[in-house]
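Please keep the sequence and the model at hand while reading.

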Amino acid sequence: MDIERRSGCPINLTMEVLGDRWSLVVIRDMMFGNRRHFRDLLTRSEERIASNILAARLKRLVALGLISRQDDPSHAQKAIYSLTEPAIRLVPVLAMIGAWGRAHLPVSEDLSIRARLLEEGGQPMWDAFMEELRVMHVGDPVAGAGGAHPSAVLARLTAAYEGLRDRQAKA
């Protein structure tokens, strides 16, 4: 892992890996949106990352061992990106970042519903989600990218988000 080592402090080193503007957003979209192809990551994110920045972040996250890249057997010019175990173990961290954001920042209801459910579900939900992510991303990444290994936790989070969006659209 090629990271700058200003000190051996675990917080500093973690920030060297994850502290840029886009890395956690890319991991979030892979984790909570099962976005596994470059095009999906580029076009389906609320934050509209630039293509050159996305390419650089994907390359860096692969080099750091947080995600893996493999050729997509369905298309010669596509790659499938998958979370690795170190990224999967970020579920509790992302849940706590979401909980902090909900408590202290002006978040939108629809984009914070997943954070609320993760906060309420606590460690049991996080553990279940991590197990499901391992199947989808590590155990069978090609089929996982195609939706062959559904996640009950992800389905619940997505249904809550989509239900809230539908209610907002009708209002």
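Predicted model: local features only at pLDDT ≥ 70, side-chain atom pairs only at ≥ 80, totals over all residues.

Residues are numbered from 1 along each chain as its sequence is written, and side-chain values use heavy atoms, with hydrogens and water left out.

Helices (H or I, at least four residues) and strands (E, at least two) are DSSP runs, numbered from the N terminus. Helix α9 covers residues 152-170, which is 19 residues. The expected span of a helix is 1.5 Å times one less than its number of residues. For α9 that gives 27 Å, and the end C-alpha atoms are 27 Å apart, which agrees.

Buried here means under 20% relative accessible area, exposed over 50%, and partly exposed in between (1.4 Å probe, protein chains only). The buried residues of α9 include Val153, Leu154, Leu157, Tyr161 and Leu164. An α-helix has 3.6 residues a turn, so residues three or four places apart point the same way. The buried residues of α9 pack against α2 (23-33) and α7 (109-139).

How do α7 and α9 cross? Their axes come within 7 Å and cross at roughly 160°. Axes are lines fitted to C-alpha atoms, for helices over the stretch in contact, and angles run from 0 to 180 degrees between N-to-C directions. Angles under 35 degrees count as roughly parallel, over 145 as roughly antiparallel, 65 to 115 as roughly perpendicular and the rest as oblique. The crossing angle therefore makes α7 roughly antiparallel to α9.

Contact means heavy atoms within 4.5 Å. On the α7 side, the residues that meet α9 include Leu111, Arg114, Leu118, Phe129 and Met136. Among their counterparts in α9 are Val153, Leu157, Tyr161, Leu164 and Gln168. By class, the contact of α7 with α9 has 15 nonpolar, one polar and six charged residues. In this count Ala, Val, Leu, Ile, Met, Phe, Trp, Tyr, Cys and Pro are nonpolar, Asp, Glu, Lys and Arg are charged, and the others, Gly among them, are polar.

Helix α2 and α7 pack at an angle of about 85°, with their axes 11 Å apart. That makes α2 roughly perpendicular to α7. Met30, Met31 and Phe32 of α2 make the contact with Arg114, Leu118, Phe129, Leu133 and His137 of α7. These residues divide into six nonpolar, one polar and one charged.

Helix α6 (residues 91-104) also packs with α2, at an angle of about 110° and with the axes 12 Å apart. The two helices α2 and α6 are therefore roughly perpendicular to each other. Here Leu24, Ile27, Met31 and Phe32 in α2 meet Val91, Leu94 and Ile97 in α6. The contact of α2 with α6 has seven nonpolar residues, no polar and no charged.

## Single residues

The table lists the accessibility of some residues.

| Residue | Relative accessible area | Class |
|---|---|---|
| Asp29 | 5% | buried |
| Asn34 | 16% | buried |
| Phe38 | 27% | partly exposed |
| Arg48 | 69% | exposed |
| Ile67 | 2% | buried |

Asp29 lies in helix α2. Leaving aside neighbours within four places in sequence, Asp29 is in contact with Asn34, Arg35, Leu41 and Ser45. Asn34 is in the loop between α2 and α3 (38-43), and has a positive phi of about 50° although it is not a glycine.

Arg48 is also not a glycine, and its phi is positive, near 55°. Arg48 is found in the loop between α3 and α4 (51-63).

Phe38 belongs to helix α3. Neighbours within four places aside, Phe38 is in contact with Ser51, Leu54, Ala55, Leu58 and Tyr81. Phe38 and Ile80 are 42 residues apart along the chain, and their C-alpha atoms are separated by 8.0 Å.

Where is Ile67 found? Ile67 is in strand β1 (residues 67-71). Its C-alpha atom is 5.1 Å from that of Thr84, 17 residues apart in sequence. Beyond the neighbours within four places in sequence, the contacts of Ile67 include Met30, Leu58, Leu61, Tyr81 and Thr84.
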